[in-house]
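Please look over the sequence and the model shown below.

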Amino acid sequence: MQRIALLTSGGDSPGMNACIRAVVRKAIYHGMEVIGINRGFNGFIEGDMGPMNLSSVADIIHRGGTILHTARSEQFLTPEGRAKAYENVKRFGVQGLVVIGGDGSFRGASVFSREFGLPVVGVPGTIDNDIPGTEQTIGFDTAINTVLEAIDKIRDTATSHERTFIIEVMGRRNGSIALASGLAGGAESILIPEQPFDYEDICQRLLRGFRRGKAHSIIVVAEGASGGMEVGQRIKERTGFDTKVTILGHLQRGGSPSAADRLLASRLGAKSVELLMAGETRKMAGVKAGQVVGVDIDEALNESRPVDLALYDLAGVLSI
Ligand code: F6P
């Protein structure tokens with residue numbers, strides 16, 4: 001393999017740049033050329049791509065976002081879009097592709113690889129930590145630390161004013177960010193899409209705390225479980241408490257990656273190049289039992305990736 005291409009796709013996540021750096025430098029170390037594709041699969045379709053060298057990835061290991069930019073491509077879902085992308089595979093002499101992104105990006109990449117025979121390897125990059133076949137995704141650790149910092153700050157003002165705060169975090173289909181940050185932040189209740197919840201139970205918990213002299217509370221809500229405003233309103237109606245709502249939104253996706261995310265990104269990025277060099281295709285570089293491994297993408301995507309409900313139960317016990 002002489003020339004590989006690289007793109008980032010889907011929602012950006014902190015550590016994607018560290019991963020780009022690892023892919024580019026590892027490939028060059030082994031004598032390969034690297035083509036960077038801008039704006040995800042949209043840039044692939046439009047031929048918005050060009051050579052990268054050692055300096056292209058200098059001074060990015062600590063930066064959030066992705067220097068290659070990203071997109072959620074509707075066009076790549078169509079056979080016409082993918083055929084256009086294949087024209088650029090031929091035009092740029094690409095022999096293998098690394099896709100850093102989430103499960104949707106991997107599905108598209110896998111279809112493309114089957115259609116045109118191009119070897120493709122995925123690297124899991126998303127703050128949601130919801131990709132089957134890997135224990136951790138690039139960006140999750142930074143995101144939960146960002147949320148935790150916010151929870152700690154909100155706790156200061158919640159305590160001073162004796163208020164109940166509802167903090168809405170990301171996670172449309174998955175509650176891992178809410179679960180990890182809620183447990184680490186000592187939230188009274190954590191609402192996630194995977195678990196049904198009951199306002200009566202949440203309010204009873206708050207009232208019990210109130211009777212013990214606890215005048216402030218934190219409730220963490222994954223956006224996929226309910227809107228924060230709705231939760232705030234419903235609790236206020238039932239308890240009469242002064243509820244305040246903070247929606248953290250996209251700030252959870254930004255920021256300098258944590259040490260854990262930079263390490264993960266560097267290890268998985270390097271592994272993706274090794275997989276291509278070994279002639280593998282439709283693999284994902286992932287982590288299993290702490291080790292970096294190559295996982296079959298199609299098999300992984302057919303599995304589910306449940307959140308750790310033991311954490312949910314533990315949070316319930318510790319916030320009694
Ligand atoms: O997939 C990452 C993620 O941040 C989710 O947690 C969130 O639900 C979604 O992306 C938001 O997507 P967008 O930035 O496209 O609105």
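**A strand and its surroundings**

In β5, V120 is the bridge partner of L97. This is a predicted model, in which local features need pLDDT of at least 70 and side-chain atom pairs count only at pLDDT 80 or more, while totals for chains, interfaces and linings use all residues. Residues are numbered from 1 along each chain as its sequence is written, and side-chain values use heavy atoms, with hydrogens and water left out.

Strand β4 (residues 96–101) runs parallel to β5, and five bridges join them. Two strands pair if DSSP finds at least two bridges between them. Helices (H or I, at least four residues) and strands (E, at least two) are DSSP runs, numbered from the N terminus. Together with helix α4 (residues 103–116), β4 and β5 make a right-handed β-α-β unit; right-handed means that, with the strands pointing away from the viewer, the path from the first strand over the helix to the second runs clockwise. β5 also pairs with strand β10 (residues 283–288), again in the parallel sense, over two bridges. There, K283 of β10 is the bridge partner of V121.

How many of the five residues of strand β5 (residues 120–124) are buried? Five of the five are, where buried means under 20% relative accessible area, exposed over 50%, and partly exposed in between (1.4 Å probe, protein chains only). In a regular strand the side chains alternate between the two faces of the sheet. In β5, V120, G122 and P124 are buried on one side, and V121 and V123 on the other.

Some charged side chains around these elements form salt bridges (a side-chain nitrogen of Lys or Arg within 4 Å of a carboxyl oxygen of Asp or Glu). K283 meets E280 in one, at 3.6 Å from N to O. K283 is buried because its relative accessible area is 19%, whereas E280, at 28%, counts as partly exposed. Another salt bridge, at 2.7 Å from N to O, is formed by E115 and R82. E115 lies in helix α4 and R82 in helix α3 (residues 79–92), so this pair ties together parts that are 33 residues apart in sequence. R82 has a relative accessible area of 9% and is therefore buried; E115, with 39%, is partly exposed.

The protein as a whole has eleven helices and eleven strands, and the structure holds 19 salt bridges. Of its 320 residues, 54% count as buried.
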